[in-house]
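My plan is to look things up one at a time and write down what I find.

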Amino acid sequence: MKYAVLNNPKLVAPCGIHCEACYAHLRDKNKCPGCRLLTDPIPNFRLRCKIANCQILAETKSGFCYDCGKIPCQRLKDLDKRYQTRYNTGLIQNLNIIKEKGMDTFLKIEKKKRTCPDCGSIISIHRAGCSICIKL
């Protein structure tokens, strides 16, 4: 069981995805280290990600898309639309919270939203409910 911690700012991707609540980070096999924690070797998805490898993003002070003069670029708009439609998660909204209220506030909001009230485990962004309780 993966009890909710959800407090690592390094596990928030430049695009606003909370990697700590991502199914790829939560899985047991081939666990994703997150978009901002570079491991050796760098995972293929990270090498292919156009946002994480964006040259303009690399020049920002924060390392987040909210610092880019082109926000929202088409890539971020497309990803945001997909996450809003499929997972009820607004990445641009996440970035705005981080920019305006700070990372600590964002992580507190996420912890409340992504912690199962019944078992205390992490509810993945990519799932409609708690995958632990569903298995019970």
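The entries below follow the order in which I looked.

**Entry 1: ground rules**

I am working with a predicted model, where local features need pLDDT of at least 70, side-chain atom pairs count only at pLDDT 80 or more, and totals for chains, interfaces and linings use all residues. Residues are numbered from 1 along each chain as its sequence is written, and side-chain values use heavy atoms, with hydrogens and water left out.

**Entry 2: the core**

I started with the inside. How many residues does the largest nonpolar core have? I found 27 residues. A core here is a set of buried Ala, Val, Leu, Ile, Met, Phe, Trp, Tyr and Cys residues joined through side-chain atoms within 4.5 Å. Buried means under 20% relative accessible area, exposed means over 50%, and partly exposed lies in between (1.4 Å probe, protein chains only). Val12, Cys15, Ile17, Leu79, Met103 and Phe106 have the most contacts inside this core. Two or more residues each come from α4 (74-87), α5 (91-101) and α6. Helix α5 gives the largest share, four residues. I noted that helices are DSSP runs (H or I, at least four residues), numbered from the N terminus.

I then picked Met103 and listed its contacts, meaning heavy atoms within 4.5 Å. Met103 touches Pro9, Val12, Phe64 and Ile98, with residues up to four places away in sequence not counted.

Next I went to helix α6, where Glu110 is found. Is Glu110 buried or exposed? Glu110 is buried, because its relative accessible area is 1%. Leaving out residues up to four places away in sequence, Glu110 touches Leu6 and His18. I checked the His18 pair along the chain too. Glu110 and His18 are 92 residues apart in sequence, yet their C-alpha atoms are separated by 8.1 Å.

Then I looked for charge pairs. Side chains of opposite charge can pair when their charged atoms come close. The cut-off for a salt bridge is a side-chain nitrogen of Lys or Arg within 4 Å of a carboxyl oxygen of Asp or Glu. The structure holds two salt bridges. One joins the side chains of Lys113 and Glu110 (3.6 Å, N to O). Lys113 and Glu110 sit three residues apart in helix α6, about one turn of the helix. The other joins Glu110 and Arg114 (3.1 Å, N to O). Glu110 and Arg114 are four residues apart in α6, again about one turn of the helix. Shared partners join Glu110, Lys113 and Arg114 into one network.

Lys113 counts as partly exposed because its relative accessibility is 43%. Arg114 is at 6%, so it counts as buried.

**Entry 3: His126**

I moved on to the loop between α6 (103-114) and α7 (131-135), where His126 is found. His126 has a relative accessible area of 9%, so it is buried. Which residues does His126 touch? I listed Cys22, Tyr23, Tyr83 and Tyr87, not counting residues up to four places away in sequence. The side chain of His126 also reaches the backbone nitrogen of Tyr23 at 3.3 Å.

**Entry 4: around α2**

Leu38, Ile42 and Leu47 make a nonpolar surface patch of about 280 Å². Patch residues have over 30% relative accessible area and no salt bridge; like charges are joined within 9 Å, and nonpolar side chains (Val, Leu, Ile, Met, Phe, Trp, Tyr) within 5 Å. The areas come from the Shrake-Rupley method with a 1.4 Å probe, and for residues only the protein chains shown count as cover. Leu47 lies in helix α2 (residues 44-48). Leu47 is exposed, because its relative accessible area is 52%.

Arg48 also lies in helix α2. At a relative accessible area of 60%, Arg48 is exposed.

Last, I checked the backbone. A cis peptide bond joins Ile71 and Pro72, with omega about -10 degrees. Pro72 is in the loop between α3 (55-58) and α4.

Which residue between α1 (23-26) and α2 did I look up? It was Asn30, in that loop. Asn30 has a positive phi of about 50 degrees although it is not a glycine. Asn30 is exposed, with a relative accessible area of 68%.

Asn88 has a positive phi as well, about 55 degrees, and is not a glycine. Asn88 sits in the loop between α4 and α5. Its relative accessibility is 71%, so Asn88 counts as exposed.

Technical notes: Polar contact = N/O pair within 3.5 Å; in protein donor to acceptor, adjacent residues only side chain to side chain.
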